[in-house]
2 protein chains.
Amino acid sequence: MEQTPGNTRGLTLVFTGNGKGKTTAALGMALRAWGQGMKVLVLQFIKGGWKYGELKAAEKLGPNFVMRQMGEGFIKGAGDDGLEAHRAAAQNALQEAKKAVVEGAADMIILDEINYAVHYGLVDLAEVLDIIRSKPPGVHLVLTGRNVAEEVANLADLVTEMKEIKHPFAAGIPAQKGIEF
Amino acid sequence: MEQTPGNTRGLTLVFTGNGKGKTTAALGMALRAWGQGMKVLVLQFIKGGWKYGELKAAEKLGPNFVMRQMGEGFIKGAGDDGLEAHRAAAQNALQEAKKAVVEGAADMIILDEINYAVHYGLVDLAEVLDIIRSKPPGVHLVLTGRNVAEEVANLADLVTEMKEIKHPFAAGIPAQKGIEF
């Protein structure tokens, strides 16, 4: 664990909102931190299955940039059975997250789409708040996903809302490599 | 140059707004694209001098991830002489950007803080619009910076406004490694 210099301290950052750029902003911070020699851990709630570019990138970046997809993929349109599978996966991810944060397993820990997981009732808000409160002072914690809970935002040092002004899907342009995955 | 598959095409993306996450979202997209084997070029307007984490990261990522700081650093508080130096640097960066885009020098080209450079009058809006219009179909172009010009937003496929809800500087917490640089 590398200590942050001077009177700085590890921050809790939230990227939320309905616009594109939440996960990618977290990934950009991860890249920046990694560039500074810090260790990064990304736990992806929800996302799974797809071979996202970030996963391929992480494999190339070595042991200081660890990324784990722990979700079941797209959640919209999942039936009751599907939602149960999502819930089990999210619970599993939450336990991993709790352990990693308490132990300070990395200098920057990113819980990708965790806000969305709370919103869908896949994980308990109270447990997420506990994770934030248990963060060691030197660790940066980043939580992404739309519909952040007010209580999470209240605990955070920084909250940015990514607001969709214009999106290509609305113009009928499909998801594509390097942009959405 | 890797071709985008199917009926997809290169997009023009804008990250603007007063919140944190614009440059980092662009960097995250760069990381994702790089992970997919695409070539990335980042030209940083405004920024210069500081040893940002992304610059150190880019050095480690090899020839498919090229980043160039072409600015003069912080612009606020620059006097008339300072502004002239900023303008010269931005003009230089603009010529580089124009050349790179027209030639399709990378699969993803990021013009970091260019919106800000337009806003400050360091580069002409008309020239930026020309660059966007000259983009080869297969290239993704990303423009970041607050105060995006309406004409730029109109030409873009995607616009996200990063809106500041809460920022640690407001709480007296200084800029720190891995977060701001």
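What rotation superposes chain B on chain A? The legends below take up this point and then the contact between the two chains in this predicted model.

**View 1. The two chains, A and B, superposed by rotation.**

**View 2. The contact between chain B and chain A.** Chain B gives 62 residues to the contact, and chain A gives 62 residues. About 5,100 Å² of area is buried between the two chains, with 61% of it from carbon and sulfur atoms. There are 25 residue pairs in polar contact between chain B and chain A, both residues being at pLDDT 80 or more.

**View 3. The side of chain B that touches chain A.** Five elements of chain B are listed here as giving two or more residues each: strand 1 (12-16), helix 1 (22-35), helix 2 (53-61), helix 6 (150-155) and strand 6 (158-166). Helix 1 of chain B supplies the largest share, 11 residues. Sorted by class, this side of chain B has 28 nonpolar, 18 polar and 16 charged residues.

**View 4. A salt bridge between Glu54(A) and Arg32(B).** The closest N and O atoms of Glu54(A) and Arg32(B) are 2.7 Å apart. The structure holds 18 salt bridges over all chains. The pair shown here crosses between chains, from Glu54(A) in helix 2 (residues 53-61) of chain A to Arg32(B) in helix 1 of chain B. Between chain B and chain A the count is two salt bridges.

**View 5. Strand 6 of chain A beside strand 6 of chain B.** The two strands run antiparallel and are joined by seven bridges. Strand 6 of chain A covers residues 158-166. Within this pairing, Met162(A) stands opposite Met162(B), which lies in strand 6 of chain B. Strand 6 of chain B is also among the elements that give two or more residues to the side touching chain A.

How values were computed
Residues are numbered from 1 along each chain as its sequence is written. Chains are lettered from A and ligands numbered from 1 in the order in which they are written. This is a predicted model: local features need pLDDT of at least 70, side-chain atom pairs count only at pLDDT 80 or more; totals for chains, interfaces and linings use all residues. Side-chain values use heavy atoms; hydrogens and water are left out. Copies are superposed by least squares on the C-alpha atoms of residues with pLDDT of at least 70 in both. Contact means heavy atoms within 4.5 Å. Buried area is the accessible area (1.4 Å probe) that two parts lose on being put together, summed over both. A salt bridge is a side-chain nitrogen of Lys or Arg within 4 Å of a carboxyl oxygen of Asp or Glu. A polar contact is a pair of N or O atoms within 3.5 Å; within protein, one must be able to donate a hydrogen and the other to accept it, and residues adjacent in sequence count only if both atoms are side-chain atoms. Helices (H or I, at least four residues) and strands (E, at least two) are DSSP runs, numbered from the N terminus. Ala, Val, Leu, Ile, Met, Phe, Trp, Tyr, Cys and Pro count as nonpolar, Asp, Glu, Lys and Arg as charged, and the others, Gly among them, as polar. Two strands pair if DSSP finds at least two bridges between them.
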